[in-house]
Amino acid sequence: GDFDGDRFEPAREPRLVDEGVALYAAMAWDLGPDEGPVLTGWLDDGPVRSATPRPWRGRLCVPRRLRLRPNGDAVDLVQTPVLPADRLGVATPIAGAATVEAASFVLRAAGSGSVRIDDEATGRRLVDIAGDDLDLTVIVDQGCVETFAGCSVTSTVLDLEPGSVVVRVGGDVEATLRSASPMPNPQPDGRAATAP
């Protein structure tokens with residue numbers, strides 16, 4: 001864009017930081033020149049709050065490392081999830097379709113083709129992405145679904161049952177699935193975090 005000292009004219013229409021319906025009250029902080037800024041925020045679980053009683057109210061998204069990537073005359077905001085390695089299981093390659101038994105898992109997929117994730121218990125499609133140059137990370141954590149696909153990020157909170165989620169991979173996509181232990185948002189005294 002252009003800034004004349006008084007007025008800023010953007011080079012293109014603004015884009016959403018998160019294209020889902022769950023993320024709110026996002027905040028970012030800078031960890032220094034070697035690591036750059038990290039964003040986190042609350043995920044609204046209002047639609048499922050009454051359906052499934054849970055021992056918490058409000059959850060945080062997975063922290064996201066932010067960077068700017070040149071794109072012609074503009075720049076794109078790229079968000080990369082910061083995942084705790086000690087909570088991730090062994091990467092298992094998948095092809096075709098796989099039913100996920102874990103309540104929390106991470107899917108990594110790259111290549112040319114399609115990735116679809118369905119909640120068969122409700123018939124709800126969680127992810128439906130296809131392309132010639134996919135670079136996709138999907139994090140499902142106790143019903144929080146966060147999808148990272150290039151410059152597009154989507155966060156939702158759903159009432160998912162383990163064993164009802166099916167991942168389907170088509171084309172020449174190489175995909176790996178890692179089960180994960182839940183990623184809690186503890187308070188300093190160990191209680192589950194609550195929304196302000």
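Modeller: In this predicted model, helices are DSSP runs of H or I with at least four residues and strands are DSSP runs of E with at least two, numbered from the N terminus. With these names, the place of Asp-44 can be given as the loop between β4 (37-43) and α1 (46-49).

Colleague: Why does Asp-44 count as partly exposed?

Modeller: Buried would need a value under 20% and exposed a value over 50%, and since Asp-44 has a relative accessibility of 33%, this residue falls in between and counts as partly exposed.

Colleague: How many helices and strands does the secondary structure of the protein come to?

Modeller: There is one helix, together with 15 strands. Of the 196 residues of the protein, 36% count as buried, and the accessible surface comes to about 11,100 Å², with 52% of that belonging to carbon and sulfur atoms.

Colleague: Why is strand β12 said to be largely enclosed by the rest of the structure?

Modeller: Strand β12 covers residues 144-149, and five of its six residues are buried, so the rest of the structure largely encloses this strand.

Colleague: What makes β11 and β12 a pair of strands?

Modeller: Pairing requires at least two bridges between the strands, and β11 (residues 124-141) is joined to β12 by six bridges, so the two strands pair, and they do so in the antiparallel sense. In one of these bridges, Val-140 has Val-145 of β12 as its partner. The two strands form a hairpin with two residues between them.

Colleague: What is the phi of Gln-142?

Modeller: Gln-142, in the loop between β11 and β12, has a phi near 55 degrees, which is a positive value in a residue other than glycine. With a relative accessible area of 26%, Gln-142 lies between the limits of 20% and 50%, so this residue is partly exposed. Ala-25, which lies in strand β3 (residues 23-30), has a positive phi of about 50 degrees although it is not a glycine, and at 45% relative accessibility Ala-25 counts as partly exposed.

Colleague: Why is the contact between the side chains of Arg-15 and Asp-76 called a salt bridge?

Modeller: Side chains of opposite charge can pair when their charged atoms come close. The limit is 4 Å between a side-chain nitrogen of Lys or Arg and a carboxyl oxygen of Asp or Glu, and the N to O distance for Arg-15 and Asp-76 is 3.9 Å, so this pair is a salt bridge. The pair links distant parts of the chain, 61 residues apart, with Arg-15 in the loop between β2 (8-9) and β3 and Asp-76 in strand β7 (residues 74-81).

Colleague: Which residues are linked with Arg-125 in a network of salt bridges?

Modeller: The network links Arg-116, Asp-118, Glu-120, Arg-125, Asp-128 and Arg-168. Within it, Asp-118 meets Arg-125 at 2.7 Å, N to O, and Asp-128 meets Arg-125 at 3.5 Å, so each pair is within 4 Å and counts as a salt bridge. Asp-118 is buried, with a relative accessible area of 9%, whereas Arg-125 at 42% counts as partly exposed, as does Asp-128 at 45%.

Colleague: How many salt bridges does the count come to by this rule?

Modeller: By this rule there are 12 salt bridges.

Technical notes:
Residues are numbered from 1 along each chain as its sequence is written. This is a predicted model: local features need pLDDT of at least 70, side-chain atom pairs count only at pLDDT 80 or more; totals for chains, interfaces and linings use all residues. Side-chain values use heavy atoms; hydrogens and water are left out. Buried means under 20% relative accessible area, exposed over 50%, partly exposed in between (1.4 Å probe, protein chains only). Accessible areas come from the Shrake-Rupley method with a 1.4 Å probe; for residues, only the protein chains shown count as cover.
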